[in-house]
Amino acid sequence: AFRLVFITKYMNFSRYYRQAFDPNIKDIVKVEKDSVIARNDRIHIICEGRTDERILKIICRRIANKKDVIITMANGMRNLPLLANEIWTERKNCKLILVADSDGNEEKVRSMFYEMLCFEGWHSVIINDSIESWFDIDKRRFEGANRELVRELEIRAEKTEIEELKRKHSSFRQFYELVTDDK
């Protein structure tokens with residue numbers, strides 16, 4: 001019942017909500033119900049936008065040995081908890097990680113998650129200030145040149161040493177530990 005209401009209320013409301021939901025989620029869920037992957041090997045990461053999604057895919061490819069990782073873009077900060085609630089109804093047997101930029105206010109983001117998420121057991125990684133900060137990139141240098149920014153981020157995500165990222169950025173260390181179960 002919740003799914004029907006949610007689809008009617010949100011997915012038809014805006015093209016952003018239609019894009020936020022991966023049309024393959026139902027197929028993924030069906031396959032996972034039949035598979036024998038351990039709970040700690042199933043990870044679903046929800047991030048804000050396309051750039052975050054691309055960078056997190058590269059990082060997960062480097063660190064998530066033999067883990068089943070799905071990364072879904074929510075098309076904005078406010079959509080993260082909405083999408084997480086929807087996914088949780090279908091995929092209760094996975095580790096759900098929300099990755100968000102703090103945009104200078106980590107506490108506001110954290111409190112929004114606590115207010116809007118309808119389940120327990122979720123994890124969040126709030127990056128201070130944005131994912132570009134993990135790679136020491138000043139976004140202002142790339143204003144109006146998003147393709148160049150993404151290209152530079154992809155290069156740095158492939159080449160930057162994981163240990164260096166963990167040492168320099170507590171949010172990256174937290175993300176790494178959640179994905180790898182390494183503490």
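## Exercises on salt bridges and helix packing

Arg 156 is partly exposed in this structure, with a relative accessible area of 23%, and the model from which this value is computed is a predicted one.

**Exercise 1.** Find the salt-bridge partner of Arg 156, and work out how the two residues are placed along their helix.

*Solution.* Begin with the side chains: Arg 156 forms a salt bridge with Glu 152, and the closest N and O atoms are 2.7 Å apart, which lies inside the limit of 4 Å that a salt bridge requires. Next, look at the helix, where Glu 152 and Arg 156 are both part of H7 (residues 146–159) and, because they are 4 residues apart, are separated by about one helical turn.

**Exercise 2.** Examine the salt bridge between Arg 110 and Glu 107, and then the one between Lys 168 and Glu 164, giving the N to O distance and the helix for each pair.

*Solution.* In the pair Arg 110 and Glu 107, the side chains meet with an N to O distance of 3.5 Å. These two residues belong to helix H6 (residues 106–116), and since they are 3 residues apart there, about one helical turn separates them. Arg 110 itself is partly exposed, at a relative accessible area of 29%.

For Lys 168 and Glu 164, the N to O distance of the salt bridge is 3.8 Å, and both residues lie in helix H8 (residues 162–168), 4 residues apart, or about one turn of the helix. Lys 168 is partly exposed with a relative accessible area of 39%, and Glu 164 is partly exposed with a value of 29%.

**Exercise 3.** Describe how helix H4 packs against H7, taking the angle, the handedness and the contacting residues in turn.

*Solution.* Helix H4 (residues 50–63) packs with H7 at an angle of about 15 degrees, their axes being 9 Å apart. The angle is under 35 degrees, so H4 counts as roughly parallel to H7. The crossing of the two helices is right-handed. Among the residues of H4 in this contact are Thr 51, Ile 55 and Arg 62, while those of H7 include Asn 146, Leu 153 and Glu 158. Sorted by class, the contact of H4 with H7 has 6 nonpolar, 2 polar and 6 charged residues.

Key:
Residues numbered from 1 in each chain as written. Predicted model: local features only at pLDDT ≥ 70, side-chain atom pairs only at ≥ 80, totals over all residues. Heavy atoms only, no water. Buried < 20%, exposed > 50% of the residue type's maximum accessible area, 1.4 Å probe, protein only. Axes fitted to C-alpha atoms, helices over the stretch in contact; angles between N-to-C directions. Parallel < 35°, antiparallel > 145°, perpendicular 65-115°, else oblique. Left-handed = near helix turned anticlockwise from the far one by under 90°. Contact = heavy atoms within 4.5 Å. Nonpolar A, V, L, I, M, F, W, Y, C, P; charged D, E, K, R; others polar.
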